[in-house]
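Biologist: Could we go through the packing of this structure together? I would like to begin with the aromatic side chains.

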Amino acid sequence: MSNPLLELEGLPPFSRIAPEHVEPAVDYLVSGNRSEVERLLDEVSEPDWYNFIEPLEELEDRLSRAWSPVSHLHAVMDSEPLREAYNACLPKLSDYGTEMGQNERLFRAYARVAEQAEGLPQPQRKLLENALRDFRLSGVDLPAEKKTRFREIASNLSELTARFEENLLDATNAWQKRITDETLLAGLPPSALDLARQTAEQRGETGWLFTLEFPSYYPVVTYADNRDLRREFYEAYSTRASDQGPDAGRFDNSEVMEAILALRHELAQLLGYRNYAERSLATKMARTPEEVTGFLRDLARRARPQAERELQELRDYAREHHGVETLEAWDIPYYSEKLRQHRYSISQEELKPWFPETRVIPGMFEVIGRLFGVIIRQSDEQVDVWHPDVRFYEVRTGSGELLGQFYFDLYARQKKRGGAWMADCISRMKTRNREQNPVAFMTCNFTPPVGDKPALLTHDEVQTLFHEFGHGLHHMLTQVDWPSISGISGVAWDAVELPSQLMENWCWEREALDLFSGHYETGEPLPQALFERMLAARNFQSAMQMLRQVEFALFDFRIHLEYDPERGGRIYEILQEVRDEVAVVKPPEWNRFAHGFSHIFGGGYAAGYYSYKWAEVLSADAFSLFEENGVLDPETGMLFRQNILEKGGSADAMELFVAFRGREPSIEPLLRHTGIDQ
Ligand SMILES: [Zn+2]
């Protein structure tokens, strides 16, 4: 069979991969894996690490090796036929995954290996532990009756979360506002006006057409001088899919939300947890619900005095400069933006000349090299790539040993998904049968260079680049030999952003910044005065923002933790309690924020929204060790490499953190970095 996706040696042969290869390759591997798993279960009477676990790791790996170039091409070089092939495979892969997760014989075999695992090294025990945990969470060892109910709940939940999203989408699409009187639009930036003009034209209308999609909505509440207009938009947006606002009752999510909470609670109890918050923590670094709520409340308590001062400053500013006596919810983003401009007048455009790609990229590699003792350079190898702009790099130790490689696809172009991200192409594996080093896809969407002027990046883009390289290093510097716990695999998801958020810190350190910035024409360093304004602007209203995130996180966690079938979800009752406890900005009573809270009702963040703040605490605290020892201190860098980057998911995230930091995480550095003085 000549299918380039099935050539599972070396790098993917991108130039030969065509959409018609996708489905046959997936079918072949999925059915091959199914029969191989059955064969192993039939033939291996005494399953152990080598005759059972490693072969299974290899089977899973060949499927992901074949799939990773497909999902990558779908993201960066999409076409109709490729999208069709890709979509046709998604249900096959998800069915296969569910089937493996619920395969009882497979579960028993893992359990038998685990029973005799005392002699195995810690990473191997961790792999078995994770596998057994995931089997149990998929309901595999429940008695027959409960198993049936478990499946019913799981399938109802996926329908309900999809319906939540549909209602929200329909509500978002149902409302729009066409404006023909330009004076109403005073204050809006040209980009927002262009978008609204274009939207109107696309629908064959004149004037400016605004919608509740974020890129259309956000500039209106942030910049429109007309207060009534801001209020109208705010009301429509913050009551979407609810019993309030202009479309009250039309796409109401109230019942869907109640049903979701009830079913999650029942599901958690079937699995032996007291509530869904406990179920959520089964796969996370945080150990108990009390640890999460205590952590959030601690942040809120310490940030609150400053948040009150920030709000007071905003009120004073609005009164003194604009004669506004009472700040309503639809005034806060608007006057905040005015105050920010008034104080710092800094724009991303202004910073761009100091961040040409030609300095940022080699400079970032220099920073990474000094910190972690590695050398990153473009490969001499002729590598088959999907687009002529793509470059291929390798990461080696100081003594030349190859650790990993990556594709670097920098520029925006048609048919390429926006944003920046890291994805794995090949995972590290060293078993009796296979040896492979990790390979990553590093993808960005910078504006391409024009003529001989290099691509110029905003400081935000530079930060994003550092962030994604944190994920990339986690994937490429791993020393763990089995794909399900190497790199970012198997890492608790409230800890997986530690390396990426850590890397962002070097974008704010003068010593590091000088290595990757400099005027693109003169080479002149970033002026100190400009740098100081950047630092000052960085923490504008940071305590208010902190409280807002804590409010969302505590609300999410409490509705899952305190659910009581007798009393129902009490969604707005709990939200009100949380606001009374932590918020300084009080939205109007008719605000229905929760009806549009997709992260927790539509997506996978249920009882997990706290993870954002949790990971920030970890990364700020990790960086504080660099501050103590020197921001480019190679020994601290090596400590991070050996205890975090190399270890991947092979040990408990808290143990790894403690091994690096010498103690459990502290929230002080995050408060200090965000300029919150307590
Ligand atoms: Zn990230």
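Modeller: A term first: a residue counts as buried at under 20% relative accessible area. Please note that this is a predicted model. In it, phenylalanine 210 and phenylalanine 233 are both buried.

Biologist: How many aromatic pairs are there in the whole structure?

Modeller: The search finds 52 aromatic pairs. In one of them, the ring centres of phenylalanine 210 and phenylalanine 233 are 6.0 Å apart with the planes at 85°, so this pair is edge-to-face. Phenylalanine 210 belongs to strand β2 and phenylalanine 233 to helix α9, so the pair ties together parts 23 residues apart in sequence.

Biologist: And what is the geometry of phenylalanine 597 and tyrosine 609?

Modeller: That pair is edge-to-face, with 5.2 Å from centre to centre and 75° between the planes.

Biologist: Why does phenylalanine 597 count as buried?

Modeller: Its relative accessibility is 5%, and the cut-off is under 20%, so phenylalanine 597 counts as buried. Tyrosine 609, at 7%, counts as buried too. Ring pairs also link both residues into a cluster whose members include Trp493, Phe552 and Tyr612.

Biologist: Changing topic, how many residues has the largest nonpolar core?

Modeller: The largest nonpolar core has 147 residues, and Phe406, Phe408 and Trp506 are among those with the most contacts inside it. At least three of its residues come from each of domain 3 and domain 4. Apart from this core lies another of 60 residues, including Val37 and Trp386.

Biologist: Lastly, which ring does arginine 432 lie over?

Modeller: Arginine 432 lies over the face of tyrosine 50, at 3.7 Å from the ring centre.

Key. Residues are numbered from 1 along each chain as its sequence is written. This is a predicted model: local features need pLDDT of at least 70, side-chain atom pairs count only at pLDDT 80 or more; totals for chains, interfaces and linings use all residues. Side-chain values use heavy atoms; hydrogens and water are left out. A nonpolar core is a set of buried Ala, Val, Leu, Ile, Met, Phe, Trp, Tyr and Cys residues joined through side-chain atoms within 4.5 Å. Buried means under 20% relative accessible area, exposed over 50%, partly exposed in between (1.4 Å probe, protein chains only). Domain bounds come from an automatic or database domain assignment. Rings of Phe, Tyr and Trp (its six-membered ring) pair if their centres lie within 6.5 Å; planes under 30 degrees apart count as stacked, over 60 as edge-to-face and the rest as tilted. Helices (H or I, at least four residues) and strands (E, at least two) are DSSP runs, numbered from the N terminus. A charge sits over a ring if NZ of Lys or CZ of Arg is within 6 Å of the ring centre and within 35 degrees of the ring normal.
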